[in-house]
Amino acid sequence: MEPLPILTYPDDRLKAVCEPVEQFDPELREFAEHLQHTADQGPSAVGIAAPQVGRMQRLCLVDATRAKRPVDNHGPLVLINPAITNWKGFAVGREGCLSIPDYTGKVIRAETIELTAQDIEGRIVTFKMKGFEARIAQHEIDHLDGILFLDRLVSRHADLRER
Amino acid sequence: MAQPQPWLLLTLVGADRPGIVAHITRVLFGVGAELGETAMMRLGNQFAIMMMVRGAGNPEEVAGLLESVRADFNLKLHVDEIDASLHQHREPDISVTVHSADRSGIVAEVTAALLEAGMNILDLRSDVGGSAEKPIYIMQIDGESSAGVEPIEQCVARFADQGLTVRVTPLETMRG
């Protein structure tokens, strides 16, 4: 399976708001697998969103099991039509993006979040996430709204305590 | 195809006032120069610039181009040809924050300890806060540690006895 081409900044599609997924069918499952395969080819990616490969739908992958150090996680997740319903606390962390090669920067994210989404079968799922996994989810959900981490950069010397 | 000119490193320092960056970069833009990575900050009451530049000639020519602005702002200017290139970023995986009452030797002692523990410094910023009567020293260091966090923590633990608060935090870049 060939990885899907990843759009890179400043491609306008990375700035677009994605449409909800309405069809939960084998093609969607196949796409999610293809998207995972694509992320696997990148440099240590822990998530990817559908618009990064030009599919303008609200689907993203979150996988905190791939963190270098063990972190709290819910395993590899396919999040479809995700929405953050609650958030608490703030933390600074360094982020990069498959669509923005050779640049990383500091971003403030909520420390803990609650989100609801649909899984690959269309079932409603909810998660409480914290720390690194919550950061991944916020980064990927931002992609679905056309927001890049570049839009959220804070001073490179920002130093809220990492948790 | 012509080889690109080598990168030059411009360093400029002078009393901080509005317009230094705009005037310097306007001259460089006007001759078609390319800017690479830059770092600019206020240190004391001075404004300091480090800037990668190419395409504006050799060091003497660049100094000549900037002479008028340099004189207007009373800046100290230095230009060196450097063996540098873009897209050579490295990601820090450890952060060390140090603070204490100000005294001499903090940077030398802490960085020597970090070196001994295998840490390579990628970014260091320090400042003196508090008051003139009771100054405090704050230092933030980002770097890479091939051996992980533990050797760094063990190595800096001794500073607690010397009145320094040292916090070591692992960093992980989230990429997605």
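In this predicted model, strand 3 (residues 77-97) of chain A and strand 9 of chain B run parallel and are joined by 2 bridges. Within that pairing, A:Gly96 has B:Arg175 of strand 9 of chain B as its bridge partner.

**Contact between the chains**

- Chain A contributes 25 residues to the contact, and chain B contributes 14 residues.
- On the side of chain B that touches chain A, the elements giving two or more residues are strand 8 (165-170) and strand 9 (174-175) of chain B.
- The residues on this side of chain B comprise 7 polar, 4 charged and 3 nonpolar ones.

**Helix 1 of chain A**

- Helix 1 of chain A covers residues 26-41, which makes 16 residues.

- A:Leu61 belongs to strand 2 of chain A. A:Leu61 counts as buried because 22 other C-beta atoms lie within 10 Å, where the cut-off is 20 or more.
- Leaving aside residues up to four places away in sequence, A:Leu61 touches A:Leu35, A:Gln36, A:Ala39, A:Gly47, A:Ile48, A:Leu77 and A:Val78.
- A:Val125 is 64 residues from A:Leu61 along the chain, and the C-alpha atoms of the two are separated by 14 Å.

**Domains and strand pairing in chain B**

- The domain assignment divides chain B into domain 1 (8-81) and domain 2 (94-170). The C-alpha centres of domain 1 and domain 2 of chain B are 31 Å apart.
- Strand 5 (residues 94-101) of chain B runs antiparallel to strand 7 (residues 135-145) of chain B, and 8 bridges join them. In this pairing, B:Ser95 is opposite B:Asp142 of strand 7.
- Strand 5 of chain B also runs antiparallel to strand 8 of chain B, with 6 bridges joining the two. Here B:Val96 is opposite B:Val168 of strand 8.

- Most residues other than glycine have a negative phi, and most peptide bonds are trans.
- The peptide bond from A:Tyr9 to A:Pro10 is cis, with omega near 10°. A:Pro10 is located in the segment before helix 1 of chain A.
- A:Asp102, in strand 4 (residues 100-118) of chain A, is not a glycine but has a positive phi of about 60°. A:Asp102 counts as exposed because it has 9 C-beta neighbours inside 10 Å, where the cut-off is 12 or fewer.
- B:Asn74 is not a glycine either, and its phi is positive at about 55°. B:Asn74 sits in the loop between helix 3 (67-73) and strand 4 (76-81) of chain B. B:Asn74 is exposed, since 9 other C-beta atoms lie within 10 Å.

Technical notes. Residues numbered from 1 in each chain as written. Chains lettered and ligands numbered in written order. Predicted model: local features only at pLDDT ≥ 70, side-chain atom pairs only at ≥ 80, totals over all residues. Helix = DSSP H or I, 4+ residues; strand = E, 2+ residues; numbered from the N terminus. Expected span 1.5 Å × (residues − 1). Domains from an automatic or database assignment. Contact = placed C-beta atoms within 7 Å. Nonpolar A, V, L, I, M, F, W, Y, C, P; charged D, E, K, R; others polar. Pairing = 2+ DSSP bridges.
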